[in-house]
Structure formats: C-alpha cells, structure tokens
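Keep the viewer open as you read.

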Amino acid sequence: MFHRRVGSILNLRGNAIISTVKENVGSLYSSATALEALPRKLKKAEKKPWVTNINELKRRGRLDKQERRVVREVALRPPENGLLVEELIPVAHQVLASRSQLLACVSRISEEISIYFCSFCSEVHVGHPPHKIRTCNVSGSQKNKEHTWQRGGAEHVLPVVESFHLYDRLGRAVSHNERLEVDRIPALVELCIQGGVDLPEYPTRRRKFPIYRVAGKLIDFEKKFPKDDLSGKDIETSKSREIIKKLSGDGKYFNLPYDDIKGFAMRGLEAWDIMRTGAIQLMQTYGVQTCGYCPEVQVGPKGHRVRQCQAFKHQMRDGQHGWQEATIDDLLSTVYVWHVRNPHDGELLVDSLKRYYGKLPAVVELFSQAGAQVGDDYYRMMREDVAVPELDEEKLVV
C-alpha cells in the first residue's frame, strides 16, 4: 500500500512538472501568435467586424426607441448638445500640430529610404530591395503571385483618408445631390475641427447655448445663423487636397540639420504616437463612422447619404454605405508592412520564411529603418525574439 501511494505521488509530481514545462515553452514561443493582433485582411465578400457587440447596439436601439415614446425634455451632454468638450480642445490642437510634424518628417525621410508599392494590389514595402513574398492574388497579377513593384512616396506610407466637412455636425447628413458642393478634407483634420480647432478656410458652427431633445427630436433655441456668427463671411472654401509641404533647406522647423535623418525619425515617431493617442481620445467622444464594406469614412455622429459605395453587393443597397463605428485604423488608414531587421545589410525577405517575419505600421517601419528606437508597444509585432533560419535550415525547424 505504501509503495502505491509513493508511486501515485511521483506520478502527480511528474505531471505537474510536465505541465510547468509546457507553460514555459508556450510562453517562450508566444511570439508565434503575435501577428494575430494585427487587423486581418478581409476578403472581398467580408464585412468589417463590429467595434461594439451587435447585441449591445440592439439593446441601445430599444432603449432609445422607448425614450422617444415618452414626451419629456432630455438634457444632453457635450458634444451631443452642440457644445464643445473643454478638456479635449487642447488635445485637438495637439493632434493637428503632430500631424503637420509627421507629414514633414515622412516627406524628408522618404527622400532617403526607398518606398515601393504593388501596381496591382495594396501591398507596400519600405526599404531596398523589395520583398519576394508571394501574396499578390488579385486579378491581373502574376501567376506566381509575386508583386509588381514600383517606386512610391510618402502618400503610400501615410495615405490620406478624406471626409465631408460639416458646417454643423448636428445638422442633416450630406445628401447625394450635395456631394459636389461640400468640401472633402482629411478626416483627421475634420475630427480636430469638430473637437475645437478653428480653421478660417473651413468654417464651422459654434453654439453658445445647448440644444435639447424632446420626444426624440432635437430642439435648437438658437437661430439657424446667429448675428455674431461671421465664420463663413468672405471665405472661399478650397476643394483641393491638402499638400504635403517639404521642409526648407536648413530644416529650421525642427531645429535640426537637414541631413540629420535619425533626428527626423525620432521626432516623427514621437509625433506619430502623440497623434494616434490623441485621435483615439477624440474618437471616444466625437463619433467617427465608416462603411462596413469600403474604406469610406465620415466624421460625425452619423454617416452621409451619398450613393457611391462600389463594394460587395452594392446593388442591393442602391450604392449606399453600411455605416458602423470606426476604429483608429479606419481613420488613419494604417498600412502594415513586413519588418526588415537589418535594412543596411540588404536582407531579402523570401516567401518560404514569411512565418518568421514580423510586421509594423509603414510609418513606424520607415522611422525604424531611419534609426529611431521603436518602443515596447511594437515589440511583439516586430517578432525580434524569433530567430529567422537560413533557407537550408528551414526543414530542420520544428
């Protein structure tokens, strides 16, 4: 009997050791699933995932429907009542200033580091030479699914997402017949304007008195155009896109020498983090909508009514967009590229070893190759703790 008990205790101890070893091994190789945190590339017939659970959205809709049936006055909070959130006005100014710095840094560094884009798909690569990973499976591409590279620029690393500029964010949505009469500006700039930034070329309405909701209808006690509202007088709105201005030859804008690429990279990476963090903070209060089928974005509590969606089964929706809550990647149109560990060695990324490579946002990868130190937030995405084998050692890896 004693021997049986000792044997059972030893077996339990052995199982505990084996489970501990398995946990340690799992933690060591946890970086193999690091790329799962990245947004998955959707297929043509797929819809973007909901930010908020659909059951929660239905529950909110039922509560709103019940409140509309009761005839009573409901006091709204900013910005739902038309007023600004005072705490977020400095954040909006900081985001807009960081965006200007980021555009300048990307424009300068793109002159030194090569940027490539595929002429058939949306793939982008930072650094020379471009990778040989065969992921181009769109119509018209090569049979071996290799990308057809062309030289790109800053617009491929940091694409501009446009949105209709709203004079009154609580007014009616832009109709299809007004699509050519309303200016389209960068969505991040529109978010900053609604957050409290005043730009003379893009007038917007600022209320002094809040609006109320009675039986589901918004009641505005102010006149449609107050007497002291002169924001739209003698101003010609511009419909041209915002141009990325290059730095002057001495680089006095950043107090850096023009040939200090590492300095521009560090300053640009800092501006990217500030802009992204501030935009997330603004989006938590000021709504941003995106189409669940195409990249269209509209800043405001609701989407527009322009029938221009060309995504999957748009005929069934009469070209209208399927609006839902947007994410920060929808607002900034974040482009993810393969991470090159040693850009100065001319390392070529091959298709057979792609599961060992990491990914980064194209802007962060550009600054990383320019000499900036990437923070811990991107460490798992870079997969620096994974050893990339040689081509002859691939079959030996377990």
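Predicted model: local features only at pLDDT ≥ 70, side-chain atom pairs only at ≥ 80, totals over all residues.

**A buried ring pair**

Residues are numbered from 1 along each chain as its sequence is written, and side-chain values use heavy atoms, with hydrogens and water left out.

The structure holds one aromatic pair. Rings of Phe, Tyr and Trp (its six-membered ring) pair if their centres lie within 6.5 Å; planes under 30 degrees apart count as stacked, over 60 as edge-to-face and the rest as tilted. Trp338 and Tyr357 form the pair, at 6.4 Å centre to centre and 80 degrees between the planes, which is edge-to-face. Trp338 sits in strand S12 (residues 336-338) and Tyr357 in the loop between S12 and strand S13 (359-361), so the pair ties together parts that are 19 residues apart in sequence. Helices (H or I, at least four residues) and strands (E, at least two) are DSSP runs, numbered from the N terminus.

**Helices around H6**

Now turn to helix packing. Axes are lines fitted to C-alpha atoms, for helices over the stretch in contact, and angles run from 0 to 180 degrees between N-to-C directions. Helix H6 (residues 261-283) and helix H8 (residues 362-369) have axes that come within 9 Å and cross at roughly 155 degrees. That makes H6 roughly antiparallel to H8 (over 145 degrees; under 35 is roughly parallel, 65 to 115 roughly perpendicular, the rest oblique). Their crossing is left-handed: the near helix is turned anticlockwise from the far one by less than a right angle, whereas clockwise would be right-handed.

Which residues of H6 meet H8? Ala265, Gly268, Leu269 and Trp272 do, and their partners in H8 are Val363, Val364 and Phe367. Contact here means heavy atoms within 4.5 Å. By class, the contact of H6 with H8 has six nonpolar, one polar and no charged residues. Ala, Val, Leu, Ile, Met, Phe, Trp, Tyr, Cys and Pro count as nonpolar, Asp, Glu, Lys and Arg as charged, and the others, Gly among them, as polar.

Helix H3 (residues 89-109) also packs on H6, at an angle of about 145 degrees and with the axes 8 Å apart. This crossing is left-handed. The contact of H3 with H6 has 15 nonpolar, six polar and three charged residues.

Leu102 belongs to H3. At 0% relative accessibility, Leu102 counts as buried. Beyond its neighbours within four places in sequence, Leu102 is in contact with Leu158, Gly268, Ala271, Trp272, Met275, Val363 and Phe367.

**Backbone exceptions**

Most residues other than glycine have a negative phi, and most peptide bonds are trans. The bond from Pro78 to Pro79 is cis, with omega near 0 degrees. Pro79 is in the loop between strand S1 (73-75) and H3. The bond from His128 to Pro129 is cis, with omega near 0 degrees.

Lys145 has a positive phi, near 65 degrees. Lys145 is partly exposed, with a relative accessible area of 41%.

Definitions and conventions: Buried < 20%, exposed > 50% of the residue type's maximum accessible area, 1.4 Å probe, protein only.
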